[in-house]
Amino acid sequence: MRKYLLRKLGIYALTLWVAVTINWLLPRMMPGDPIGAMVSQAAQTQNPAGIVALRGYFESLFGLDYPIWQQYLNYWAALFRGDMGISVWIFPREVSSILREALPWTLGLMLPAIILSWMIGNRLGALAARSKWLDNTILPIGYVLTATPYMWLAIMLAWLLGMQAGWFPTAGGFDFGMQPAWTWRFVGNVFLHWTLPFLSLFLVQLGGWAIGMRNLIIYELESDYSNYLDSLGASRRLIRKYAFRNALLPQVTGLALQLGTIIGGALVTEIVFNYPGLGRLILNAINNRDFFLLQGVLLFVVIGVLLANLIIDIIYVLIDPRTRTGMEAG
């Protein structure tokens, strides 16, 4: 078990190094000159010497006056100190403080969508596998939902339930003019703004989980061990219990693989609803050529996906006895 965990940690550490390096490189390959834009906004004189001095000041402030290789090493050293730099878009605020404000909104949107869609989708798929009328209902709906793009569903929900029905607001995390506070009025308003982005993520994932579990349950019920238990006179309830437990294992693996997909969907959904999470920060960072903020957001996304996959790997070992047996034999 220890060797397995150490090997996994080594793989994830290598993946993190590659991801962070690419994260550092990509913004610097983007077209545009963020320092030049800041100089043009801040310069109060057309004196070339003053502009040059101002540009040198900003380059020194952002650490861009070093050779490229030293910038890379300084970036890693700053990460270990928890320093992600200063935002160009909201100068002179630190990137870490901007991320701390946006991260709870994204987590509050993603985690319920991931967990509830996985739990409810697996349960619906298991029920559909043993009920013909439910199977004929869930299967077509599941195929439609899982083939629906996040962005399109978000736009349709905003138009139907927001603009036409007027039940939910279609933009922002709370009403303009409200001050954040731990009051029932503010929490209720946040919930109304949260509902449509949540539904756009929840429904798309729900269909995929239901179809996957339904197919896996049918496969398990037709396998040799199910037929053997049936020949021994075991109850259908016991056979279905074993089938559900075995079918759940690939769904756990699928959860790890789809985390990256739903994070991408969450970012797009936040942009559609102008939700104050990481997705809107990415859009604003790109529009304002703020690659320090862009690096910070993408770093959080990468670390979040890697941590979630590592946790699911550990859970998989704990819930699957065959994996532990194979590790002990190895």
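Predicted model: local features only at pLDDT ≥ 70, side-chain atom pairs only at ≥ 80, totals over all residues.
Residues are numbered from 1 along each chain as its sequence is written, and side-chain values use heavy atoms, with hydrogens and water left out. Local features need pLDDT of at least 70 and side-chain atom pairs count only at pLDDT 80 or more, whereas totals for chains, interfaces and linings use all residues.

The largest pocket holds about 530 Å³ of space. A pocket is here an open set of points on a 1 Å grid over the protein atoms alone, with protein on both sides within 12 Å along at least five of seven lines, and lining residues have an atom within 4 Å of a point. Its lining comprises 23 residues, and Leu111, Ile114, Leu259, Gly304 and Ala308 lie nearest the centre. Helix 5 (95-129), helix 10 (236-272) and helix 12 (291-319) each contribute at least two lining residues; helices are DSSP runs of H or I with at least four residues, numbered from the N terminus. Helix 12 provides the largest share, 9 residues.

Of its 19 lining residues, Phe62, Gly63, Ala78, Gly85 and Phe292 lie nearest the centre. Two or more residues of this lining come from each of helix 1 (2-28), helix 4 (68-80) and helix 12, and helix 4 gives the most, with 4 residues. The lining divides into 10 nonpolar, 5 polar and 4 charged residues.

The whole structure has 2 cavities of 30 Å³ or more, a cavity being a set of grid points where a 1.4 Å probe fits but cannot get out. The second largest cavity, with a volume of about 30 Å³, is lined by Tyr75, Leu79, Met84, Phe292, Gln295, Gly296 and Leu299. Helix 4 and helix 12 each give two or more of these residues, and helix 12 gives the most, with 4.

On the surface, Leu14, Trp17, Val18, Ile22, Leu25, Leu26 and Met29 form a nonpolar patch with about 690 Å² of accessible area together. Accessible areas come from the Shrake-Rupley method with a 1.4 Å probe. Leu25 belongs to helix 1 and counts as partly exposed because its relative accessibility is 39%, between the limits of under 20% for buried and over 50% for exposed.

How values were computed
Points joined across faces, edges and corners; volume = space filled by probe spheres on them. Nonpolar A, V, L, I, M, F, W, Y, C, P; charged D, E, K, R; others polar. Patch = residues over 30% accessible without salt bridge, like charges linked within 9 Å, V, L, I, M, F, W, Y side chains within 5 Å. Salt bridge = Lys/Arg side-chain N within 4 Å of Asp/Glu carboxyl O. Buried < 20%, exposed > 50% of the residue type's maximum accessible area, 1.4 Å probe, protein only.
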